[in-house]
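Student: Hi! Could you walk me through this structure while I have it open on my screen?
Tutor: Happy to, let's look at it together.
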Amino acid sequence: MTLKVSNIQFVILAAGKSARFKSKNNKLLSKLEDKTILEHNIDLIEKIGFKKITLVFKDKKIIKNLITSRIELIKGGKTRTLSVKNALIKSKIKAKYVFIHDAARILSTDKLLKKLINEAQKNKYDCIIPFSKCNDTVVKKHENIGRENLKLIKTPQVFIKNKITFLHKKNNIYELTDDSKLMRDNPKEYKIRYMLDNGFNFKVTYKDDLEIFKNNLKQKTRVGLGYDIHRIQKIDNINHIKLGGIKIKSKIKILSHSDGDVILHAITDSILGALSLRDIGTYFPNVKINKNRDSIEFLNFAIKKLKSKDFRINNIDLMIVSETPKINLHYKKILKNLTKILDIDKNQITVKATTNEKSGLIGKSKFIACWSNLSIN
Ligand code: ZN
């Protein structure tokens with residue numbers, strides 16, 4: 001079934017006070033990865049195909065960075081109830097159905113929205129209420145309340161627009177925490193559908209809630225691949241080369257724009273790859289400022305990106321291909337240094353080395369290369 005949303009208006013309520021969130025800033029502007037809670041919701045709603053979107057706001061900061069040309073803006077009232085009323089009465093949008101959604105509830109997947117759209121298009125209900133079951137024991141004054149009959153209801157809720165508008169206009173009694181109450185009061189008159197949804201539709205009320213959501217949002221395990229190769233030159237005197245961040249005495253020179261540390265370069269690329277952030281050259285091209293630069297700076301840049309996205313290294317598997325120098329002589333030092341830089345344990349890293357059996361340009365000691373394969377979560 002294709003999703004038909006042209007006859008549906010989507011009202012996002014973003015005029016709340018965030019009193020329990022205990023922060024100077026509006027909770028809807030809290031960042032989860034690179035987007036605010038509000039942007040997460042709007043992006044998903046637009047991705048589904050909704051074009052008739054109304055945003056109810058009070059705080060001007062809410063709309064400051066939004067591309068509002070696509071969205072109808074309506075000033076919220078003193079209470080949630082008045083905000084919905086404003087949206088329904090003042091909106092210029094014509095639609096058969098209206099979704100009403102609290103912006104503090106983060107829509108993390110499109111599953112629930114798709115289910116609601118499909119259900120609305122059946123043309124059978126005046127109101128569709130998503131709910132989840134209560135799995136905890138509920139107690140009131142020492143007594144258990146039977147949880148079998150409890151429903152934890154959520155938003156977005158779907159309504160026949162003219163019916164819910166009529167009820168909101170008439171309502172002078174209730175301070176509503178959800179809009180279905182106006183129809184639930186009269187279940188004989190209105191066709192109400194409770195729709196079970198155990199998906200993750202999470203309401204951010206307290207600051208700690210954000211952490212829970214971040215963990216859910218994060219894609220679990222990712223992998224990255226890095227490869228680097230540099231030309232080497234045999235020289236007569238002893239020189240210092242850099243491998244794995246360690247200075248090694250050698251009778252070769254590694255030719256490179258930076259310090260030529262193939263191991264750190266490969267690791268940097270594998271981290272950036274795992275984060276879908278392209279490669280080292282994107283951030284550190286061969287320009288003057290990067291000339292002879294210490295590769296630890298490149299790696300630290302990637303590690304910072306990794307941490308900012310709340311990931312850590314699961315394990316890393318390195319393969320150095322080199323005829324000269326013989327890596328095995330320096331293996332322990334390199335391993336120790338890498339565990340320190342990457343802040344991981346020894347059991348999370350393997351440093352392997354092989355020669356190229358004298359074949360090809362690596363085998364003829366013209367090049368040194370390194371592969372890095374890592375997983376993060
Ligand atoms: Zn390199």
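Student: How many bridges join strand 6 to strand 12?
Tutor: This is a predicted model, and in it strand 6 and strand 12 (residues 157-160) are joined by 4 bridges and run antiparallel. Within that pairing, valine 98 is opposite phenylalanine 159 of strand 12.

Student: And strand 1, is that parallel or antiparallel to strand 6?
Tutor: Parallel: strand 1 (residues 8-14) is joined to strand 6 by 6 bridges. There, phenylalanine 10 faces phenylalanine 99 of strand 6. As background, the strands of a sheet pair through backbone hydrogen bonds, in either the parallel or the antiparallel sense.

Student: Is strand 6 buried or exposed, then?
Tutor: Buried. Of its 6 residues, 6 are buried, so strand 6 is largely enclosed by the rest of the structure. Both of its faces are covered, with Tyr97, Phe99 and His101 buried on one side and Val98, Ile100 and Asp102 buried on the other.

Student: Asp102 is a charged one. Which side chain does aspartate 102 meet in a salt bridge?
Tutor: Arginine 80, with an N to O distance of 3.0 Å.

Student: Why does arginine 80 count as buried?
Tutor: Because its relative accessibility is 18%, and the cut-off for buried is under 20%. Aspartate 102 is buried too, at 13% relative accessible area.

Student: How many salt bridges are there by this rule?
Tutor: The count comes to 16. One of them is between lysine 114 and aspartate 110, at 3.3 Å from N to O. Lysine 114 is partly exposed at 34% relative accessible area, and aspartate 110 is partly exposed at 23%.

Student: Switching topic: what is the order of the strands in the open sheet of 5 strands?
Tutor: The order is 16-15-19-17-18, and the pairing is mixed. Strand 16 (246-255) and strand 18 (349-354) are the edge strands, each pairing on one side only. On average, neighbouring strands in this sheet are turned by 35° against each other, ignoring direction.

Student: How do strand 15 and strand 19 pair?
Tutor: In the antiparallel sense, over 10 bridges between strand 15 (residues 222-243) and strand 19 (residues 367-376). Isoleucine 229 is opposite alanine 369 of strand 19.

Student: What about helices on that sheet?
Tutor: Helix 8 (residues 262-274) lies across strand 15, strand 17 (313-321) and strand 19, and runs at about 165° to strand 15. Helix 11 (residues 331-342) also packs on the sheet, where it touches strand 15, strand 16, strand 17 and strand 18. The direction of helix 11 makes about 145° with that of strand 18.

Student: At what angle do the axes of helix 8 and helix 11 cross?
Tutor: At roughly 35°, with the axes coming within 13 Å. The crossing is right-handed. Helix 8 makes the contact with Ile263, Leu264, Ile267 and Ile271, while helix 11 uses Ile334, Leu338, Ile341 and Leu342.

Student: Those look greasy! Which residues have the most contacts inside the largest nonpolar core?
Tutor: Ile263, Ile271, Leu338 and Leu342, in a core of 39 residues. Among the elements giving two or more residues to this core are helix 10 (296-308), strand 16 and strand 18. Helix 8 gives the most, with 8 residues.

Student: What is leucine 338 in contact with, leaving aside neighbours within four places in sequence?
Tutor: Gly244, Ile263, Leu264, Ile267, Leu318, Asp343, Ile349 and Val351. There is a second, separate core as well, with 38 residues, including Ile12, Leu28, Phe50 and Ile106. In general, nonpolar side chains of soluble globular proteins tend to be buried together.

Notes:
Residues numbered from 1 in each chain as written. Predicted model: local features only at pLDDT ≥ 70, side-chain atom pairs only at ≥ 80, totals over all residues. Heavy atoms only, no water. Salt bridge = Lys/Arg side-chain N within 4 Å of Asp/Glu carboxyl O. Buried < 20%, exposed > 50% of the residue type's maximum accessible area, 1.4 Å probe, protein only. Pairing = 2+ DSSP bridges. Axes fitted to C-alpha atoms, helices over the stretch in contact; angles between N-to-C directions. Contact = heavy atoms within 4.5 Å. Core = buried A, V, L, I, M, F, W, Y, C linked by side-chain atoms within 4.5 Å. Left-handed = near helix turned anticlockwise from the far one by under 90°.
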